[in-house]
Amino acid sequence: LARIAAVTTREDLAAICAEMHLELGNPLLGMAFYADQKKSDTYAFYLGQGGLSLPSKDYYFSEKFARERWEFLGHVARMLELAGEKRETAYRQAEVVLSLEKAMAENAKPPVELRDRLANYHKMTIADAVAAYPGLPLRRLIDGLGVPARVTDVIVGQPKFLEGLGRLLQERPLDEWKTYVRWHLLSASAPYLKETLDEERFRFQGTVLN
């Protein structure tokens, strides 16, 4: 939390996000190694949509999930308050988190579209991906993950999501992104922190959503 608070550039924040992917939480986007879907005897490096707290795109826009959005706002605020923020500040920060995630979700694919394997397979070199998404600090993310130098290719699942995320990272203030990353760290760390944080996380994840 202290390191997030001290961040002054998006690149340094990306380095913390990469570290979180290795330890606790999955902020910003999805990053993983698993079998190449066109060559199953080979492992591949994947980038795609991610970094959202709610289960799917519909949860951010559909009236069907209006209650879940309202509950999510209160949940984020409560978690931040338990972590030491004043109540009024915690609710303002929760609104920032929901606003950012909703903007990210605009460029996300719903579950039905994610089932189309060909439409979610875009192989390119890592160098080309870095050039294709200039708004994203991809090189810092990839280096932070410890991707071996011999891995030269990446499979991008949802290019539109990465493009949109790159724009948002540049358009929205750094302080908003620090609030977003702080929230994701708190949520992922809750089982290892004080009991009230773990109980609040379970209340939302285990009863409101599930």
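A residue counts as buried when its relative accessible area is under 20%. The legends below apply this term to a predicted model.

**View 1. Aromatic pair of Trp177 and Tyr180 in helix α10.** Trp177 is buried, since its relative accessible area of 0% is under the cut-off. Tyr180 is likewise buried, with 0% relative accessibility. The two rings form an edge-to-face pair, with 5.5 Å from centre to centre and 85° between the planes. Trp177 and Tyr180 are three residues apart in helix α10, and therefore about one helical turn separates them.

**View 2. Aromatic pair of Phe72 and Phe204.** The structure holds six aromatic pairs. In the pair of Phe72 and Phe204, the ring centres are 5.8 Å apart and the planes meet at 45°, so the pair is classed as tilted. Because Phe72 belongs to helix α4 and Phe204 to helix α11, the pair ties together parts that lie 132 residues apart in sequence. Phe72 and Phe204 are both buried. Together with Trp183, Phe72 and Phe204 make up one aromatic cluster.

**View 3. Helix α4, residues 66-82.** The helix comprises 17 residues and spans 25 Å from its first C-alpha to its last, close to the expected 24 Å. Its buried residues include Glu68, Arg69, Phe72, His75 and Met79. Gly84, which follows α4, has a positive phi near 120°.

**View 4. Packing partners of helix α4.** The buried residues of α4, among them Leu73, Val76, Ala77, Leu80 and Leu82, pack against four helices: α3 (58-61), α5 (87-105), α10 (174-189) and α11 (195-209).

Terms used
Residues numbered from 1 in each chain as written. Predicted model: local features only at pLDDT ≥ 70, side-chain atom pairs only at ≥ 80, totals over all residues. Heavy atoms only, no water. Helix = DSSP H or I, 4+ residues; strand = E, 2+ residues; numbered from the N terminus. Expected span 1.5 Å × (residues − 1). Buried < 20%, exposed > 50% of the residue type's maximum accessible area, 1.4 Å probe, protein only. Contact = heavy atoms within 4.5 Å. Phe/Tyr/Trp six-rings, centres within 6.5 Å; stacked < 30°, edge-to-face > 60°.
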